[in-house]
Each structure stands twice: as structure tokens, then as C-alpha cells.
Amino acid sequence: MANDRLTEAYRCGQLFAALAALERLSEGAHHSLGRPGTRRQLSTEPRKHLTVHLWQAGRYLLGAANRGEGRAAGVIFRQLPDLLPLRRELPGEIRDAAERARFQEGVTAQEAAIGKALADV
């Protein structure tokens, strides 16, 4: 069970990284997921803070296309299904420090995957 929770924390980190990149392409450098403290909030309460951004992914895709970033946004958008939680919904809370570290590992890994995927765009 603990491994599942660690996996979910990691996947939430990956999902955060992808949604943050998608929102940045849509709205520019001053996007909400890039605000100070947001990552910490998300790493402790993913469902509360990340679900709304998941719902907005289509809007971010359209916004990015309108800014001339449609190809890059499409690459990131297509990654989202593979990053969704294994359970029916995102975890409500991630309390354990080790699990929050796994969240950050997921962020780092997904940022690298996005960079690699966008290198060809």
C-alpha cells in the first residue's frame, strides 16, 4: 500500500509538471502554477489544488495555440493521459515527507521528459 501511495505522489508530481508547462505556454511566464509556494501546496494536497488545472487543460491547449505555441502544447497535452492517477481521483493529502520527495522526483523527471519531447518540435 505504501508503494502505491509513493507511486501516486510521483505521478502527481509528473502531472503537475505537465500542467504547469501547458499553462505557461497558454498564459506566459506569470502563470498560476508558477507562483511561489504553489508546488509545496500541490505536493501536500494534490486533489484540492491540481484538479482545477486538470479540468482546464483543454483551455490551456487552446490558449497556447492562440499564442503560436500549439505544437509544443499538443506534445505536452498528449502526455496527460499517461500521468493520471491510477486510482479514480488524485490523492487528497500527501502527509509523509518521503512521499512529498517522490512528488518532487516526479516533477523533475517530467520536466526532463518534456524538454526532451520539445527538443524535436
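This is a predicted model: local features need pLDDT of at least 70, side-chain atom pairs count only at pLDDT 80 or more; totals for chains, interfaces and linings use all residues.

Visitor: Which elements have the lowest and the highest mean pLDDT?

Guide: Helix H2, residues 38–44, has the lowest at 80, while helix H5, residues 70–77, has the highest at 97.

Visitor: Let's start with helix H3. What makes Thr-51 count as buried?

Guide: Thr-51 sits in helix H3. Its relative accessible area is 18%, and buried means under 20%, so Thr-51 is buried. As for its neighbours, leaving aside residues up to four places away in sequence, Thr-51 touches Pro-46 and Leu-90.

Visitor: Which residues of H3 are buried, and how do you know that they are on the same side?

Guide: In H3, which covers residues 46–55, the buried ones are Pro-46, Leu-50, Thr-51 and His-53. They cover an arc of only 165 degrees around the axis, so they end up on the same side of H3. Turned away from that buried side is a face with the exposed residues Lys-48 and Trp-55.

Visitor: Now helix H4. Why are its buried residues said to line one face?

Guide: The buried residues of H4 are Ala-57, Tyr-60, Gly-63 and Ala-64. Looking down the axis of H4, you find them within an arc of 120 degrees, so they line one face of the helix. On the other side of H4 you'll find Leu-62 and Asn-66, which are exposed.

Visitor: What follows H4?

Guide: Gly-68 follows H4, and its phi is positive, near 85 degrees.

Visitor: Why are H4 and H5 called roughly antiparallel?

Guide: Check the angle. The axes of H4 (residues 57–66) and H5 cross at roughly 160 degrees and come within 7 Å. Angles over 145 degrees count as roughly antiparallel, so that's the name for H4 and H5. H4 passes H5 in a right-handed crossing. On the H4 side, the contact is made by Ala-57, Gly-58, Leu-61, Ala-64 and Ala-65, and on the H5 side by Gly-70, Ala-73, Gly-74 and Phe-77.

Visitor: Which residues meet where H5 and H7 pack?

Guide: Ala-72, Val-75 and Ile-76 in H5 meet Ile-114, Ala-117 and Leu-118 in H7.

Visitor: Let's look at Ala-117. Why does Ala-117 count as partly exposed?

Guide: Ala-117 has 24% relative accessibility. Buried needs under 20% and exposed needs over 50%, so Ala-117 falls in between and counts as partly exposed. Ala-117 touches Val-75 and Gln-79, again not counting residues up to four places away in sequence.

Visitor: How far apart are Ala-117 and Ala-72 in sequence and in space?

Guide: They're 45 residues apart in sequence, and 8.7 Å apart in space, going from C-alpha to C-alpha.

Terms used
Residues are numbered from 1 along each chain as its sequence is written. Side-chain values use heavy atoms; hydrogens and water are left out. pLDDT is the predictor's confidence in each residue, from 0 to 100. Helices (H or I, at least four residues) and strands (E, at least two) are DSSP runs, numbered from the N terminus. Buried means under 20% relative accessible area, exposed over 50%, partly exposed in between (1.4 Å probe, protein chains only). The arc is that of the directions from the helix axis to the C-beta atoms. Contact means heavy atoms within 4.5 Å. Axes are lines fitted to C-alpha atoms, for helices over the stretch in contact, and angles run from 0 to 180 degrees between N-to-C directions. Angles under 35 degrees count as roughly parallel, over 145 as roughly antiparallel, 65 to 115 as roughly perpendicular and the rest as oblique. A crossing is left-handed if the near helix is turned anticlockwise from the far one by less than a right angle, and right-handed if clockwise.
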